[in-house]
Amino acid sequence: MKKLLYQFDTDALPSVFDNVVGYDGGADHVAAYGGVNADNVGALVEGAIFTRAQKDKKHTGIFIGGGNLPAGEAVLAAVRKKFFAKFRVSVMFDSNGCNTTASAAVAWLAHGRSLAGKRAVVLAGSGPVGQRAAALLAHEGASVALTGRKRDVVQAACDRIHARFGIVVDAIEAPTSAERGAAIDAAHIVLATGAAGVALLEERQWQDSATLELLADANASPPAGIEGVSAGDRGASKHGKILFGALGFGALKLALHRACIARLFEQNDLLLDAEEIYALAKTLVGKTATP
Ligand SMILES: NC(=O)c1ccc[n+]([C@@H]2O[C@H](COP(=O)([O-])OP(=O)(O)OC[C@H]3O[C@@H](n4cnc5c(N)ncnc54)[C@H](OP(=O)(O)O)[C@@H]3O)[C@@H](O)[C@H]2O)c1
């Protein structure tokens, strides 16, 4: 019985990254569909749930990805709506790598230490990775603020986090470097989740902070999101702070993504979303080799 992964991508062109990791996670075949939405996914799901005997359904899995988090969430809801009784297969949800990337970053930040009571600021956190990271930092007990260039965009992201996780995240409008510098005042943790190659914070803005303990940058494309954090940093020490770069926690992100794909084929009723993926990250952190 071949392990079949159906990759449903909300973008027109399905992600090659997600396709490769589908194979590396153990699928025998990955069928990638682009332009998937809540209206057209139903027939695809029916094909996945009605074709194999109950004992064999675990050999079929669904991965939902794409650059648009709300669109991905709508597809996830539509997929789950199609399931009934034993007619279901396991599903992983990871639009733009939001759950695996945020889980890897936050699992490293929380590794061997408590984040409870800390103030965390997610810079440029209105995207998929930032939203999930904010929720996970709050889950670890931190009070979380999220910055972005426009108040309505940041507030909408915070509202989505509240609707999905029941967590209150402060919205901070900070379009300039100076305003982002002010936003991290009194923070203990700064996580940058800006778009690739966007510089958000200068080293001089954080190096002398009396409160900052941990900095992490999800952006792997130069220039860095946080100047002074190297992409390969994984617990490096600088100016008395502990640093994590995109490649530094990227090894865990990849291992986690592969492990999630492998899990899909262990049973037919698994949902791997933020909570489940983060729980798995906590079991893997500190144990993965570099990719
Ligand atoms: N390390 C890993 O393993 C890994 C895996 C996946 C992704 N990533 C990286 O993680 C980061 C976050 O991913 P994502 O998909 O959430 O990002 P995204 O949606 O592309 O961008 C995140 C936010 O960046 C802000 N932004 C965009 N252009 C900007 C500009 N010119 N100046 C200032 N802010 C700007 C936007 O916020 P506002 O419009 O609200 O300002 C946007 O919501 C990316 O750098 C991505 O490459 C890393």
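1. Two strands are said to pair if DSSP finds at least two bridges between them. Helices (H or I, at least four residues) and strands (E, at least two) are DSSP runs, numbered from the N terminus. On that basis, E1 and E2 run parallel and are joined by five bridges. Within E2, Ala31 is the bridge partner of Tyr6.

2. The model is predicted: local features need pLDDT of at least 70, side-chain atom pairs count only at pLDDT 80 or more, and totals for chains, interfaces and linings use all residues. Residues are numbered from 1 along each chain as its sequence is written, and side-chain values use heavy atoms, with hydrogens and water left out.

3. The sheet is open and has five strands in the order E2-E1-E3-E4-E12, with parallel pairing. Its edge strands are E2 and E12 (271–272), each of which pairs on one side only. Helix H2 (residues 41–49) packs on this sheet, touching E1, E2 and E3, and its direction makes about 170 degrees with that of E1. Axes here are lines fitted to C-alpha atoms, for helices over the stretch in contact, and angles run from 0 to 180 degrees between N-to-C directions.

4. Helix H3 (residues 69–82) has 14 residues, which at 1.5 Å a residue should span 20 Å; its end C-alpha atoms are 20 Å apart, in agreement. The expected span is 1.5 Å times one less than the number of residues. H3 lies across E1, E3, E4 (90–93) and E12, running at about 170 degrees to E4. Its buried residues (under 20% relative accessible area; exposed is over 50%, partly exposed in between; 1.4 Å probe, protein chains only) include Leu69, Gly72 and Val75.

5. In helix H1 (residues 16–24), Asp18, Val21 and Gly22 are buried. Seen down the axis of H1, these residues fall within an arc of 110 degrees, so they line one face of the helix; the arc is that of the directions from the helix axis to the C-beta atoms. Their cover includes E1 (4–9), E2 (29–33), E3 (60–65) and helix H9 (246–264), where contact means heavy atoms within 4.5 Å.

6. Just after H1, Gly26 takes a positive phi of about 120 degrees. Asp28 is placed in the loop between H1 and E2 and is partly exposed, with a relative accessible area of 42%. Leaving aside neighbours within four places in sequence, Asp28 is in contact with Met1, Lys2, Lys3 and Tyr23.
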